[in-house]
Amino acid sequence: WNVQSMYTFGQPRTGNSAFHSSFDSKVEQWRVTHHHDPVPHLPPADFGFHHTATEVWYNEANTQYQVCDGSGEDPNCAD
């Protein structure tokens, strides 16, 4: 499989910061999240898990979206 880009919807945190760095260097990705969906908040970051980038966050009414900062843990979005 040669995955070059992908979209996920409501993805949980999938690995630690080393995984995040490695994955993001190989695959262009957009994580689509919605308002207060609980899944993107799991497992907790306090347990050492980190999101891959880049999040696209939709508001509650799905009328606006924000492309987040690319860190995977933008506090102005779902995290």
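Please keep in mind that the model is predicted.

**The disulfide**

Let us start with the cysteines. The structure holds one disulfide, and the residues it joins are Cys-68 and Cys-77, with an S to S distance of 1.9 Å. The torsion about the S-S bond is -110°, making the link of Cys-68 and Cys-77 left-handed. Cys-68 and Cys-77 are both buried.

As a reminder of the background, most peptide bonds are trans, and most residues other than glycine have a negative phi. With that in mind, the loop between β2 and β3 deserves a careful look. Strand β2 covers 28-34 and strand β3 covers 55-58, and Pro-43 sits in the loop between them. The bond from Leu-42 to Pro-43 is cis, its omega being near -25°. A cis peptide bond also joins Ala-53 and Thr-54, here with omega of about -10°; Thr-54 belongs to the loop between β2 and β3.

His-35 is found in the loop between β2 and β3 too. Although His-35 is not a glycine, its phi is positive, at about 30°. The relative accessibility of His-35 is 22%, so this residue counts as partly exposed.

Which loop holds Asn-62? Asn-62 lies in the loop between β3 and β4, where β4 spans 65-67. Phi of Asn-62 is near 60°, again a positive value in a residue other than glycine. With 47% relative accessibility, Asn-62 is partly exposed.

**Aromatic pairs**

How many aromatic pairs does a search of the whole structure find? The search finds three. One of them brings together Tyr-7 and Trp-30: the ring centres are 5.0 Å apart and the planes are at 20°, so the pair is stacked. Tyr-7 is in strand β1 (residues 5-9) and Trp-30 is in strand β2, so this pair ties together parts that are 23 residues apart in sequence.

The rings of Phe-19 and Phe-23 are stacked as well, because their centres lie 5.6 Å apart with the planes at 25°, and planes under 30 degrees apart count as stacked. Phe-19 and Phe-23 both belong to helix α1 (residues 17-26), and being four residues apart there, they are separated by about one helical turn.

| Residue | Relative accessible area | Class |
|---|---|---|
| Tyr-7 | 53% | exposed |
| Trp-30 | 23% | partly exposed |
| Phe-19 | 35% | partly exposed |
| Phe-23 | 22% | partly exposed |

Why does Tyr-7 count as exposed? The relative accessible area of Tyr-7 is 53%, and exposed means over 50%.

**A serine in helix α1**

Ser-25 is exposed, at 58% relative accessibility. A polar atom of the Ser-25 side chain lies 2.7 Å from the backbone oxygen of Ser-22.

Note on methods. Residues numbered from 1 in each chain as written. Predicted model: local features only at pLDDT ≥ 70, side-chain atom pairs only at ≥ 80, totals over all residues. Heavy atoms only, no water. Disulfide = S-S within 2.5 Å. Buried < 20%, exposed > 50% of the residue type's maximum accessible area, 1.4 Å probe, protein only. Helix = DSSP H or I, 4+ residues; strand = E, 2+ residues; numbered from the N terminus. Phe/Tyr/Trp six-rings, centres within 6.5 Å; stacked < 30°, edge-to-face > 60°. Polar contact = N/O pair within 3.5 Å; in protein donor to acceptor, adjacent residues only side chain to side chain.
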